[in-house]
Amino acid sequence: MREKFSRQLKQLNDKLSEMGALIESAIANAVQAIDGDKHAIKTANEYEEEIDRKEKEIESLCLKLLLTQQPVASDLRLISAALKMITDMERIGDQADDIAEIAATAKQPSYIEKYSHVQRMAAATIDMVNKSVDAFVNKDIAMAEDVICSDDLVDALFDNVRDDMIDAIKNGTEHKNDILNLLMIAKYFERIGDHAANIAEWVQFSITGEHKQM
């Protein structure tokens, strides 16, 4: 019985890794939209649908583990953490889709692209997502803590974007619509960072049984 349960837990790890790879690709696709790729919005929708399907698969597997097996306390923490994680992961997929949609419809994509802070936010959030899922699979509490600390960097980059936009408005820029688009994109990246940090906190819970919000 325990051997079968261990195989199913391995399957859970594999599916979470697959979902993590999907949301990383979705964020990277959003960056392509920022770079002016008008086809990225179609791809973004496809990623969002695939992420939603993967969420349902993992949710079904978690419920199966809870209902048909006899998980001990540590297993219960792991499964409940996975259920919480996929909610944040699905929201990341939604926000990557929103970024792609905004960027793909911007009149001046080059205006958005030239702001390096946004590109750095994208790179930081992809790294956070990758590490948060790896931390769960490898039960690496130090890596989870690194993800949580990285959220401060994403927040600081958002502040830089906001300050740049304030300066542009003060200087009488003609790109007011582009400023609004850029701020919305930066805000979505900030939220992605928050969700990645949430995932890392649930990783910590799965290992220690403690959660900051509980």
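Colleague: Arg162 and Asp159 both sit in helix H6, three residues apart, about one turn of the helix. In what do their side chains meet?

Modeller: First, the ground rules. This is a predicted model, in which local features need pLDDT of at least 70 and side-chain atom pairs count only at pLDDT 80 or more, while totals for chains, interfaces and linings use all residues. Residues are numbered from 1 along each chain as its sequence is written, and side-chain values use heavy atoms, with hydrogens and water left out. Helices are DSSP runs of H or I with at least four residues, strands are runs of E with at least two, and both are numbered from the N terminus.

Modeller: Now the general idea: side chains of opposite charge can pair when their charged atoms come close. A salt bridge is counted when a side-chain nitrogen of Lys or Arg is within 4 Å of a carboxyl oxygen of Asp or Glu. Arg162 and Asp159 form one, at 3.4 Å from N to O. Arg162 also has a salt bridge with Asp163, with the closest N and O atoms 3.7 Å apart.

Colleague: Is Arg162 buried or exposed, or partly exposed?

Modeller: Buried means under 20% relative accessible area, exposed means over 50%, and partly exposed is in between (1.4 Å probe, protein chains only). Arg162 has 34% relative accessibility, so it counts as partly exposed. Asp159, at 30%, is partly exposed, and Asp163, at 36%, is partly exposed too.

Colleague: How many salt bridges does the structure hold?

Modeller: There are 10. One of them joins the side chains of Glu190 and Lys187, at 2.6 Å from N to O. Both residues lie in helix H7, three residues apart. Glu190 is buried, with a relative accessible area of 11%, whereas Lys187 is partly exposed at 33%. Elsewhere, salt bridges that share partners link Lys15, Glu18, Lys54 and Glu57 into one network.

Colleague: At what angle do the axes of helix H3 and helix H7 cross?

Modeller: Two packed helices are described by the angle between their axes and the distance between the axes. Axes are lines fitted to C-alpha atoms, for helices over the stretch in contact, and angles run from 0 to 180 degrees between N-to-C directions. The axes of H3 (residues 73-104) and H7 (residues 176-208) come within 9 Å and cross at roughly 170°. Under 35 degrees counts as roughly parallel, over 145 as roughly antiparallel, 65 to 115 as roughly perpendicular, and the rest as oblique. H3 and H7 are therefore roughly antiparallel.

Colleague: Where is Lys139 placed?

Modeller: Lys139 is in the loop between helix H5 (116-138) and helix H6 (141-170). In general, most residues other than glycine have a negative phi. Lys139 has a positive phi of about 50°, although it is not a glycine.

Colleague: And the loop between H2 and H3: which residue lies there?

Modeller: Val72 lies in that loop. It counts as partly exposed, at 44% relative accessibility. Val72 and Glu55 are 17 residues apart in sequence and 24 Å apart in space, C-alpha to C-alpha.
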